[in-house]
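Open the structure in your viewer and keep the selection panel at hand. This tour goes from one selection to the next and says what is to be found at each stop.

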Amino acid sequence: MKRTLLLIGCLALAATQAQGQAPPAGKLFPDLARTPPMGWNSWNKFGCDVSEKLIRETADAMVATGMRDAGYTYVNIDDCWHGQRDSLGFIHPDAQRFPSGMKALADYIHSKGLKMGVYSDAGWKTCGGKPGSHGYEFRDALTYASWGVDYLKYDWCNTDGLAAKGAYMTMGEAIRAAGRPVVFSMCEWGTAKPWEWAKGIGNLWRTTGDITACFDCIVDHGTWKSWGAMQILDMQQGLRSFAGPGHWNDPDMLEVGNGMTTNEDRAHFSMWSMLAAPLIAGNDLRAMPPEVRAILTNREVIAVNQDSLGVQALRHSAADSVEVWFKPLAGGDWAMAVLNRARSPRHVAFDWKQETVADSVSGRSATFAATAYRLRDLWTGRDAGTTARPLAADVPAHDVLMLRLRARPGA
Ligand code: GLA
């Protein structure tokens with residue numbers, strides 16, 4: 001009993017020490033996720049095979065590969081880190097996989113200038129069959145705070161009879177009560193349209209079921225399906241007005257480096273950047289080929305994703321498997337992506353002077369007949385002329401041309 005009281009005391013103290021001021025009920029920590037969160041998550045590559053060794057090595061690799069310096073911050077442990085609850089209901093990590101404990105792991109991650117995330121589930125069990133947080137929300141949030149957790153992904157398996165909004169509100173309140181600023185990532189798969197109610201409850205919400213490492217396909221698992229990058233892209237239609245600083249649509253984590261071609265990886269990364277999607281890498285950072293690293297650390301593309309205006313791209317046109325997207329950026333610039341979804345190359349002609357982009361979300365518009373922009377090709381890293389002359393480009397199969405349009409006097 002004495003030991004237990006001591007444990008509770010330590011949890012409370014550690015949690016209190018870790019924080020500043022918790023926001024009032026119904027409000028999020030104001031400084032979190034002002035731009036889409038960037039980091040890494042274990043699920044897409046490693047599934048349930050997580051351990052402190054993998055997480056430490058990944059944190060090391062985040063630094064060594066330049067990912068951290070490119071903006072990736074969160075090292076997130078997905079499903080299956082859990083051991084059992086103790087007699088008071090407090091959760092403990094799997095002692096075989098995490099023998100040093102979660103506090104030591106968080107300390108290590110923090111010592112690298114990174115932040116740590118964990119995963120739980122609003123139901124009785126996680127998707128991987130581990131203990132869920134239902135009924136234990138406040139204990140779990142306090143425990144995470146005492147470990148030094150900075151990010152919680154909260155899943156939606158085994159929730160029969162629960163209402164999504166209430167379940168996510170409860171965990172949101174628990175996080176705030178624990179007091180440590182934690183990015184709250186809601187993984188409800190879009191079933192109850194979280195974009196309509198989740199702002200103010202979480203910092204990001206999944207809009208779809210799970211992604212799979214495929215550019216354009218659907219994988220049928222019997223009771224559920226996973227989706228290729230293009231299928232997920234199409235499911236984002238109509239959602240852009242719901243996202244903004246502190247509250248983001250989440251079209252799921254990245255599959256860059258997990259088996260698609262380099263062209264496909266580039267197109268996937270470009271479109272997630274255009275969507276202002278969280279950039280959560282899902283590959284093995286310890287064994288990353290140079291071309292994968294070059295995609296994930298392209299700073300000019302990341303700058304489009306992280307732009308402070310926080311407005312998702314709009315689809316300007318779609319014809320013959322080619323889509324043209326525009327994203328308004330702070331200060332008057334635009335990003336443009338020309339996406340070739342076909343299995344063969346496409347020649348693209350875009351006569352600027354015939355085109356006007358009008359964005360009802362940001363209220364911004366561009367009339368290229370009236371204003372010229374300088375062009376920067378974000379994948380070659382070269383200047384690419386201006387909008388004074390029509391754009392003509394060959395875009396390879398399943399690839400993208402991504403430009404930044406710079407609005408400068410004299411362009
Ligand atoms: C669900 C989520 C995935 C992953 C797994 C873990 O499928 O959508 O992103 O977290 O659970 O079991």
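Begin with the ligand and select W189, which has a polar side-chain atom 3.0 Å from an oxygen atom of the ligand; a polar contact here is a pair of N or O atoms within 3.5 Å. This is a predicted model, in which local features need pLDDT of at least 70 and side-chain atom pairs count only at pLDDT 80 or more, while totals for chains, interfaces and linings use all residues. Residues are numbered from 1 along each chain as its sequence is written, and side-chain values use heavy atoms, with hydrogens and water left out.

Next, select residues 137-147, helix α6, together with residues 164-178, helix α7, whose axes come within 8 Å and cross at roughly 40°. The axes are lines fitted to C-alpha atoms over the stretch in contact, with angles from 0 to 180 degrees between N-to-C directions, and helices are DSSP runs (H or I, at least four residues) numbered from the N terminus. The two helices α6 and α7 are therefore oblique to each other, a word for angles that are not under 35 degrees (roughly parallel), over 145 (roughly antiparallel) or 65 to 115 (roughly perpendicular). Their contact (heavy atoms within 4.5 Å) includes F138 and L142 of α6 and M171 and I175 of α7.

Finally, select helix α3 (residues 52-64) and helix α5 (residues 102-111), which pack at an angle of about 10° with their axes 10 Å apart, and α3 and α5 are therefore roughly parallel to each other.

Technical notes. Polar contact = N/O pair within 3.5 Å; in protein donor to acceptor, adjacent residues only side chain to side chain.
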